[in-house]
Amino acid sequence: MQLEELKGVGQKTADKLRSLGIRDGRDLLDFLPSEYWDMTREGDLRTAREGEYLLIKGRVRKLTKLVRTGRLNFFAATVDAPSGSIKAVWFNAPYLRNNITEGQDLTLWGKLTVKKGARELINPGFEGAGGERLKGIVPIYPTKGLVGQSLMRKLTAECAARQEVKPLVEAEGLMPLGRAYYEAHCPTSLDAAKDGMRRIALEDLTARLVAYRLSREGELTRRMSRCKLPFEIMDDLVHALPFELSPSQRAAIKDIVRDMKGDVCMNRMIVGDVGSGKTVVALLTAAYVARCGMQSVLMAPTEILARQHYETACKLLEGSGVTCALITGSDSAAQKRKIRSSVASGETDILIGTHAVLSDDVVFADLGYVIVDELHKFGVRQKSVLETKAKGVDVAVMSATPIPRTLALAEYGDIAVSTIESRKSADEYADTSIVADDKLDEMFEFIRQKALGGEQAYIVCPRVEDSEGMELMSAKTVYEELTKGRFADVSVGLVYGSMAEKRKTETMKLFSEGKISVLVATGVVEVGVDCPGASVIAVLHADRFGLASLHQLRGRVGRRSGMRSYCFLHAASGDASRLEILEKECDGFRLAEKDAEIRGYGDFLGWRQSGGSAFKIDIELLRESKRCADLLGGRPKEELLADQRVRKFYDRVNNISMN
């Protein structure tokens, strides 16, 4: 079906739809709602949480006059509902003021905000008692303001009624695909919408997996492995280590070497908590590759972490004959030329660096092994660039808390997993607790006392500077207030990502040497910062960070044996239930699984469908789509590619690494 066949779609509307990735009727069907507004039940102000959309029915007790201040104008109404009172505020809509009167019965719809304990609805939709507009289950589309919600609902409803869809997945008990699209766009109930979304997601995931497998048929070509030597050639390095490899480290090395000797390229994830020894495994196997006659590259997300890996490699490989080099974005042009020359000539065995290793100017003499640290900090395309620098490379990725996409691929069996057990006992992890606004003063005083006692602390903020309209504590503001106020007798430093690299490095050096007691920072300290004297980390507005980031930040403390450590997660007046997971769980892999349960597995095969999709992909759906794809695996390739959805994904996947 062409877009212009739909009622109300002219050239201008069609152009706007195309800018959203909607080219025809099938694309329009697949442009799914990003959320649903449930106007079938009234909200309860006694239990509602900030950020929740509410339908409130009540009587206007008080109505203010229109207030004008410069370009801004607003008015407010206090509405009494059965579950309490709420203030509704309308900005820059003076024409609405005459539509509301005191004593009037109103139905309101909007997102709940809480300011200084007061509940408000900002610019809510409203209508008088008996109105028919604010009712039912209303789909909301991610139109970026290009197409109105009302028009989009009309178009998708017409398309759902007219567009024919042929299912790829057919099984007894499954909702018909056409019905699923109708319920997704024109829901008869919230449960029906969810059922429809799940059926569409199953179709979508199965098609993606089928396309992915078809695209990889030529990718899994046989190779003649050049890693013929036994790992015992590394005994000199292993015996020289200042510690004994743990059983799980030895098992991970065994897994990697076995993969390297195989006739299919390795694709393995090394999972282990901060301090478990992932880097040692990566460097020892890179040294093994060097002794087999090939080069390795290790990419880290920050310069701090890249330099730390380089220093570790130099110590670990000293006297081994294996050469290392470091390349970062802040190196001079002359330094970069020198490093690139040594890599191209084969003089450098292991190149360690940041995104700088992705440059077209970095050419390897004989690359055989790619290592990506902190996988969740990189995109699939960045990893692909490294893999395309040589044919038939082995790949290992490292992570303390794998992202949902990687967990999904591990479930599919497309990426193998080696887990390195933590060297810590349960009581050596940081004591984690949630701090509300009214406990912040106590938290800061606790940090001050620890600093005066010779211990060190991090205070992490979500932003560098204050931003209008965002009530978040920024690093610069917190630093200024602490140094001029309660921390005047404590040495305080400041570090953030956009700071000049030289200044950043100097500050971090002073902190690691113990010359700075409290470091105020952004999330830049999440990886690559090693300060054994740090016993406390406080994350302000922790609800703004992902679980993976918070777990990594927590790993900055508790690095000195015998010193008790603390992690404070500040949660402003919002929902802290997600943060409570961190109070109970300290295993990174299990945290990643819980995070996936909460957020879903998302766009794990690397493609994003045109709509936002209110549906959350869960592990059961992944397994079900895998079963469906397995059943379709016996069909001829031409028959599978005849499916419109499979063909679309197949055409997109070329030259993209999916993990």
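This is a predicted model: local features need pLDDT of at least 70, side-chain atom pairs count only at pLDDT 80 or more; totals for chains, interfaces and linings use all residues.
**Notebook: strands, cores and cysteines**

Residues are numbered from 1 along each chain as its sequence is written, and side-chain values use heavy atoms, with hydrogens and water left out.

**Around S21.** Strands here are DSSP runs of E, at least two residues, and helices are runs of H or I, at least four, numbered from the N terminus; two strands pair if DSSP finds at least two bridges between them. S21 runs parallel to S22 (residues 566-570), with four bridges joining them. S18 (residues 456-460) is also parallel to S21, over five bridges, and there Gln456 has Ala534 as its bridge partner. Buried is under 20% relative accessible area, exposed over 50%, partly exposed in between (1.4 Å probe, protein chains only).

**Cores.** I then checked the largest nonpolar core, which has 55 residues; Tyr458 and Ile459 touch the most other members. A core is a set of buried Ala, Val, Leu, Ile, Met, Phe, Trp, Tyr and Cys residues joined through side-chain atoms within 4.5 Å. Leaving out residues up to four places away in sequence, Ile459 touches, among others, Phe444, Leu482, Val520 and Ala538 (contact: heavy atoms within 4.5 Å). Apart from that core lies another of 43 residues, including Leu237 and Tyr288.

S6 (residues 105-115) pairs antiparallel with S7 over four bridges, and Lys115 stands opposite Ala118 in S7. The two strands form a hairpin with two residues between them, and Lys116 in the turn has a positive phi of about 55°. S7 (residues 118-122) also runs parallel to S5 (residues 84-91), joined by three bridges; Val89 has Ile122 as its partner.

**Cysteines.** How many disulfides are there? The count comes to zero, with a disulfide taken as a pair of cysteine sulfur atoms within 2.5 Å. Cys227 has its closest cysteine sulfur in Cys292, 4.3 Å away, which is too far for a bond. Cys227 counts as buried at 3% relative accessibility, and Cys531 counts as buried at 1%.
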